[in-house]
Amino acid sequence: MQRETTKKNRKISLVVPLRNEEETLPTLFASIARQTRQPDEIVLVDGGSTDGTTALMRRLADRDARIRIVEAGEATPGRGRNIGISTAAHEWVALTDAGLTLEPDWLEELARAAFADPDVEVVYGNYEPVTDTLFARCAALAYPPPKQERAGGRMRGPSTASMMLRREVWQRLGGFPDLRAAEDLLFMQRIERAGCRVAWSPRATVWWQMQPGFRRTFRKFVLYSKHNVWAGLQADWHYGVARQYALYVPFVLLALVHRWWWLVPVVLLFAARVARAIWRRREGRDLLWALHPVRFAGVALVLLTIDAATFVGWAQALRAARPARADGTKVEGDSRL
């Protein structure tokens, strides 16, 4: 059934969950100020910051009447988004995160896709990694999903970092799971299973600053791994990594008891994985570019770092109980509002 599209329900609330983002919030707000289509309301949800984030939010709100601040106490990103959307004044809610930079036409492009068809319920935009260092260029070839062909062009997504949806959809699906990671994946799975009418907006781009080095990447993926296990998503990630390393075990054992050259198949199998990762993300570049030795070695090291973090996080999740809220109840992967 078609919905009536009026000037009133074309207003947009922008919801941003925050926690200790004093350093990144100015960059995000500078890109919001440059938007060719400005949000009608900006809801900032602080999830228990211990730095200067809250004070910075208040200074921003003093200068912009559209900004509303919600201090949610200790809150995961999932709970922060739920609180922000529940308090939003408008039917359409755009979502993004701190640590990102929005292209000037980001919100305009999301709105164009949303309002072109009155039956659209969810719009996904694009996201791009910032590749300003050698490490970032190697990381961008290792783990961000490769672009896919969508209506309107090639893009990455879906992602809650670049997204707009009707508030009634969020309410109907029970909101985001109360998790510190993987809450976005679970919510987008609900959107897909519910058969929501989705539109794609390849030009609605946000720029994503990845972790700047091996140590930070390892720590971040340990967190992701642990929370994905708690969310029950091992089949989508962990089992695949485990199967790859299970292939190496017989060759390693043969190398230990027989000859070292049994390790050659291990090296070749891993090199094939690195080559495949680069090739899928090469963005039209040729074979010589893909096989550059420094680039190849960098991607290999990033993949090894992520694999190690995957197993460490998996072990931590199995060893520890799921985190609890302040009231002592466990945070479940399928929690509802």
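L186 sits in helix α7, residues 183-193. L186 is buried, with a relative accessible area of 10%. Buried means under 20% relative accessible area, exposed over 50%, and partly exposed in between (1.4 Å probe, protein chains only). Helices (H or I, at least four residues) and strands (E, at least two) are DSSP runs, numbered from the N terminus. The C-alpha atoms of L186 and G284 lie 32 Å apart in space, and the two residues are 98 apart in sequence.

This is a predicted model, in which local features need pLDDT of at least 70, side-chain atom pairs count only at pLDDT 80 or more, and totals for chains, interfaces and linings use all residues. Residues are numbered from 1 along each chain as its sequence is written, and side-chain values use heavy atoms, with hydrogens and water left out.

**Strands β2 and β3**

- Strands β2 (residues 41-46) and β3 (residues 67-71) run parallel and are joined by 5 bridges.
- Two strands pair if DSSP finds at least two bridges between them.
- D46 has E71 of β3 as its bridge partner.
- From β2 the chain passes through helix α2 (residues 53-63) to β3, and this β-α-β crossover is right-handed.
- Right-handed means that, with the strands pointing away from the viewer, the path from the first strand over the helix to the second runs clockwise.

- Helix α3 spans residues 77-87, and its buried residues include G78, R81, I83 and I85.
- The buried residues of α3 pack against several elements, among them β1 (12-18), β2, β3 and β4 (92-95).
- Helices α6 (167-172) and α7 are also packed against by these buried residues.
- H90 lies in the loop between α3 and β4.
- H90 counts as buried, at 15% relative accessibility.
- Leaving out residues up to four places away in sequence, H90 touches K11, I12, S13, D40, E41 and R167.
- Contact here means heavy atoms within 4.5 Å.

**Backbone exceptions**

- Most residues other than glycine have a negative phi, and most peptide bonds are trans.
- The peptide bond from G157 to P158 is cis, with omega near 10 degrees.
- P158 belongs to the loop between β8 (153-155) and β9 (163-166).
- A182 is not a glycine, yet its phi is positive, near 75 degrees.
- A182 lies in the loop between α6 and α7, and A182 is buried at 5% relative accessible area.
- E283 also has a positive phi, near 55 degrees, in a residue other than glycine.
- The loop between α10 (264-280) and α11 (287-290) holds E283.
- E283 is partly exposed, with a relative accessible area of 44%.

**The second largest pocket**

- The second largest pocket has a volume of about 340 Å³.
- A pocket is an open set of points on a 1 Å grid over the protein atoms alone, where a 1.4 Å probe fits, with protein on both sides within 12 Å along at least five of seven lines.
- Grid points are joined across faces, edges and corners, and a volume is the space filled by probe spheres set on the points.
- This pocket is lined by 18 residues, and T131, R137, A140, L141 and R285 lie nearest its centre.
- Lining residues have an atom within 4 Å of a point.
- β6 (122-129), α5 (134-140) and α12 (293-319) each supply at least two lining residues.
- Helix α5 gives the most to the lining, with 4 residues.
- The lining has 8 nonpolar, 2 polar and 8 charged residues.
- Ala, Val, Leu, Ile, Met, Phe, Trp, Tyr, Cys and Pro count as nonpolar, Asp, Glu, Lys and Arg as charged, and the others, Gly among them, as polar.
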